[in-house]
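Please look over the model shown here before reading the notes that follow. They are grouped by topic.

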Amino acid sequence: MTDTPPPASPVEDPKPKPKGAAWVRTAIDYGAPVAFGVAFFATGRNFQTATWVLVAASALALILGYVVERRVALLPLFSGVMALIFGALGLVFHSDVFVKVKVTVVNAALALFMIGGVVAGRAPLKALMGEAVHLPDAAWRTLTLRYGGYFAFAAVANELVRLTQTTDMWVKFRIGLLPLALLFSLSQVPFMMKHIAKGDEAKTPEPPDAGF
């Protein structure tokens with residue numbers, strides 16, 4: 001559920017990001033759920049220990065994200081804070097429900113934010129990406145609805161797996177969401193390239209990550 005850095009704006013950035021920063025940021029964003037999955041299976045399917053790892057990795061990801069870019073993008077910040085909150089609740093009450101439900105809550109909230117924004121005549125995704133990419137308003141609305149649809153799908157799928165499958169299967173599903181989210185984000189690049197503003201054609205836009 002972590003976003004990939006946007007391309008540089010037409011105005012020259014006085015502090016250009018180092019080459020490869022996109023991959024560093026992606027690793028940071030995806031690191032916490034991957035660490036959780038690895039810890040779960042490496043400790044003999046101990047969910048409590050894996051939750052400790054999730055909380056620690058989420059905190060570390062937020063810190064490293066700030067160190068790498070001197071800022072924390074809103075989507076990873078939201079997901080990271082929610083991981084800390086729900087992970088802490090799971091540790092306090094010794095229950096795996098909180099960590100599992102966190103995926104539903106985060107994705108459902110983002111789906112409502114995206115789709116609700118379009119219904120209200122706005123494009124939340126445009127606000128999140130700022131001046132990083134210049135697209136027509138109609139393209140922004142379409143892209144926002146696509147992300148809203150993805151988040152809604154992830155929320156519903158998580159609930160179905162959480163309520164009908166074992167914890168083992170849920171952890172595998174959670175890890176499987178990561179490559180699915182990455183593929184979805186990459187699949188939006190052609191659409192963005194098609195509608196990108198004149199003068200920005202030389203850039204390859206990187207859509208915000210959907211790995212929550």
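Helices (H or I, at least four residues) and strands (E, at least two) are DSSP runs, numbered from the N terminus. This is a predicted model, in which local features need pLDDT of at least 70 and side-chain atom pairs count only at pLDDT 80 or more, while totals for chains, interfaces and linings use all residues. Residues are numbered from 1 along each chain as its sequence is written, and side-chain values use heavy atoms, with hydrogens and water left out. The protein chain has eight helices and zero strands, giving the pattern α-α-α-α-α-α-α-α along the sequence.

**Confidence**

- pLDDT is the predictor's confidence in each residue, on a scale from 0 to 100. Its mean over the protein chain is 83, and 77% of the residues reach 70 or more.
- Residues 1–20 have pLDDT below 50; this stretch has 54 contacts in the model beyond near neighbours in sequence. A contact means heavy atoms within 4.5 Å.

**Burial and surface**

- A residue is buried under 20% relative accessible area, exposed over 50%, and partly exposed in between (1.4 Å probe, protein chains only). Of the 212 residues in the protein chain, 46% are buried.
- Accessible areas come from the Shrake-Rupley method with a 1.4 Å probe, and for residues only the protein chains shown count as cover. The protein chain exposes about 10,500 Å², of which carbon and sulfur atoms supply 70%.
- Leu74, Leu77, Val81 and Ile85 make a nonpolar surface patch of about 320 Å². Patches are made of residues with over 30% relative accessible area and no salt bridge; like charges are joined within 9 Å, and nonpolar side chains (Val, Leu, Ile, Met, Phe, Trp, Tyr) within 5 Å.
- Leu77, one of the patch residues, lies in helix α3 (residues 74–93). Its relative accessible area is 33%, so Leu77 is partly exposed.

**Salt bridges**

- The whole structure contains four salt bridges. The criterion is a side-chain nitrogen of Lys or Arg within 4 Å of a carboxyl oxygen of Asp or Glu.
- Asp168 and Arg45 form one of them, with the closest N and O atoms 2.4 Å apart. This pair links distant parts of the chain, 123 residues apart: Asp168 is in helix α7 (residues 167–187), and Arg45 is in the loop between α1 (21–42) and α2 (47–69).
- Asp168 is partly exposed because its relative accessibility is 22%. Arg45 is also partly exposed, at 44%.
- Asp137 and Lys126 form a salt bridge with the closest N and O atoms 3.1 Å apart. Here the link is between helix α6 (residues 137–164), which holds Asp137, and helix α5 (residues 124–129), which holds Lys126; the two residues are eleven residues apart.
- Asp137 has a relative accessible area of 46% and is therefore partly exposed. Lys126, at 36% relative accessibility, is partly exposed.
- Arg162 and Glu159 form a salt bridge in which the closest N and O atoms are 2.9 Å apart. Both residues lie in helix α6, three residues apart, which is about one turn of the helix.

**A buried lysine**

- Where is Lys100 placed? Lys100 belongs to helix α4 (residues 97–119).
- Lys100 counts as buried because its relative accessibility is 7%.
- With neighbours within four places in sequence left aside, Lys100 is in contact with Phe47, Asn158, Arg162, Thr167 and Trp170.
- The side chains of Lys100 and Thr167 make a polar contact at 2.9 Å. A polar contact is a pair of N or O atoms within 3.5 Å; within protein, one must be able to donate a hydrogen and the other to accept it, and residues adjacent in sequence count only if both atoms are side-chain atoms.

**Helix α6 and a distance to Val103**

- Val156 is in helix α6, and its relative accessibility of 52% makes Val156 exposed.
- The C-alpha atoms of Val156 and Val103 are separated by 9.9 Å, and the two residues are 53 residues apart along the chain.

**Positive phi in loops**

- Which phi value does Arg45 have? Phi of Arg45 is near 65°, a positive value in a residue other than glycine. Arg45 sits in the loop between α1 and α2.
- His94 is not a glycine, yet its phi is positive, at about 50°. His94 is in the loop between α3 and α4 and is exposed, with a relative accessible area of 63%.
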